[in-house]
Amino acid sequence: MITLNINKKSYNVEVDPDTPLLWVLRDTLGLVGTKYGCGVAQCGACVVHLNGEAVRSCVTKVSWAAEQKVVTIEGLAEKHDHPLQKAWQEVDVPQCGYCQSGQIMSAAVLLRENKNPTDQDIDAAMSGNICRCGTYLRIRSAIKLAAEIQRKAI
Amino acid sequence: MNKNMQRYLLPGKTMAVLAILISVVGFMSFSFKNESAFSNAKHGAIKDSLESVRAFMDVYNVLMSPRCMNCHPSGDVPLQGDDSHQHTMLPRRGKDGKGIYAMKCSNCHQPTNLEGLNTPPGHPNWHLPPANMKMVFQGKTPAQLARQLVNPKTNGNKNLKQLIEHADDGLVKAGWDMGEGRTPPPMSHAEFKKAWVTWIEKGAYAPKGK
């Protein structure tokens with residue numbers, strides 16, 4: 001039995017300790033906002049926060065997440081109104097949408113650590129998240145807008 | 001002073017020229033020799049420049065192998081693979097060597113290796129050298145790397161004892177636990193450690209050349 005703390009809720013799961021966290025989130029707990037892309041930490045579709053860091057859940061064994069603080073896209077903001085989520089809607093970022101939860105979770109770490117990121121900061125922070133639709137320019141715009149929303153809210 | 005005595009004394013100008021010549025010749029002979037970083041051999045070992053340099057060349061071959069050099073790049077992006085190409089996704093060194101923002105090393109490099117080809121190798125303390133002391137291996141000649149390794153200002157502030165102990169550092173040893181599909185360094189860790197200790201204890205000489 002492994003105890004997980006996900007989006008401020010506690011779950012007990014009966015899974016092999018080596019199971020990737022991603023499978024537990026999606027298949028065991030039904031939190032399907034986090035996506036499977038490559039399975040080898042190359043694409044960023046599966047990014048969730050583990051103790052505040054943007055880890056790739058496809059290569060994170062569930063045992064490493066036990067008793068730690070996990071946040072998925074479903075729990076990024078209680079009312080789904082995180083500045084990034086607002087900006088994403090405003091800019092209409094997604095095309096197919098598959099990579100977007102990973103993009104937003106990575107961007108959330110950037111905005112936590114850098115309140116006013118430049119294009120260069122954004123590119124450096126987001127270079128591990130691939131978008132096959134090529135929405136990179138809209139992602140960049142949305143991150144800048146989210147930074148603005150975040151600054152105004154403070 | 002009589003004239004006879006003056007004949008036996010060299011004029012001031014000649015003395016100065018001779019002094020400069022002697023200094024230059026002395027300096028040149030020093031710079032063409034293997035260069036020792038330590039004035040005294042430690043741990044009771046006797047300094048031996050030939051043995052020290054021979055051991056260092058084994059050390060050099062290991063340090064320049066992808067398993068070591070990939071995390072000691074000349075730029076701020078680590079290298080990857082047996083061909084030491086730039087790491088895909090271009091993760092950056094960051095101030096502490098542990099990456100930046102959503103691109104921190106440990107976001108993908110987990111505490112242990114994962115099964116399967118092309119999965120990120122793991123270690124609990126995965127990182128590059130920090131930005132204020134990059135400890136670059138890539139592109140260094142044997143002489144340059146040897147000098148860099150023995151200088152506390154360029155080796156992570158390590159003294160001789162700490163340098164010897166560094167052979168058993170967890171992240172150094174991770175080079176021999178490289179995960180599936182990666183070529184190991186050219187000798188075992190035990191052989192490397194022997195060469196490392198020999199190099200240092202025999203005087204930590206830098207090979208000849210630039």
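1. Asn107(B) lies in helix H5 of chain B, residues 105–108. Helices here are DSSP runs of H or I with at least four residues, strands are runs of E with at least two, and both are numbered from the N terminus. Before going on, a word on the basis: this is a predicted model, where local features need pLDDT of at least 70, side-chain atom pairs count only at pLDDT 80 or more, and totals for chains, interfaces and linings use all residues. Residues are numbered from 1 along each chain as its sequence is written, with chains lettered from A and ligands numbered from 1 in the order in which they are written.

2. Is Asn107(B) buried or exposed? With 27 other C-beta atoms within 10 Å, Asn107(B) is buried (20 or more count as buried, 12 or fewer as exposed, anything in between as partly exposed, with C-beta atoms placed from the backbone). Leaving out residues up to four places away in sequence, Asn107(B) touches Glu53(A), Ala54(A), Val55(A), Arg56(A) and Ala102(B); contact requires C-beta atoms, placed from the backbone, within 7 Å.

3. Now the wider interface. In total, 20 residues of chain A are in contact with 18 residues of chain B. On the chain A side, strand E4 (53–56), H4 and helix H5 (119–126) each supply at least two residues. That side divides into 11 nonpolar, six polar and three charged residues, where Ala, Val, Leu, Ile, Met, Phe, Trp, Tyr, Cys and Pro count as nonpolar, Asp, Glu, Lys and Arg as charged, and the others, Gly among them, as polar.

4. Chain A itself has six helices and five strands, in the order β-β-α-β-β-α-β-α-α-α-α along the sequence. Its C-alpha atoms fill a box of roughly 45 × 35 × 20 Å along the principal axes. Of the 154 residues in chain A, 45% are buried. Among contacts between residues at least 6 apart in sequence, 62% join residues at least 24 apart.

5. One helix pair deserves a look. The axes of H3 (residues 83–91) and H4 (residues 100–113) of chain A come within 10 Å and cross at roughly 125 degrees; axes are lines fitted to C-alpha atoms, for helices over the stretch in contact, and angles run from 0 to 180 degrees between N-to-C directions. Leu84(A), Gln85(A) and Trp88(A) in H3(A) meet Ile104(A), Ala107(A), Ala108(A) and Leu111(A) in H4(A). By class, this contact has six nonpolar, one polar and no charged residues.

Notes: Contact = placed C-beta atoms within 7 Å.
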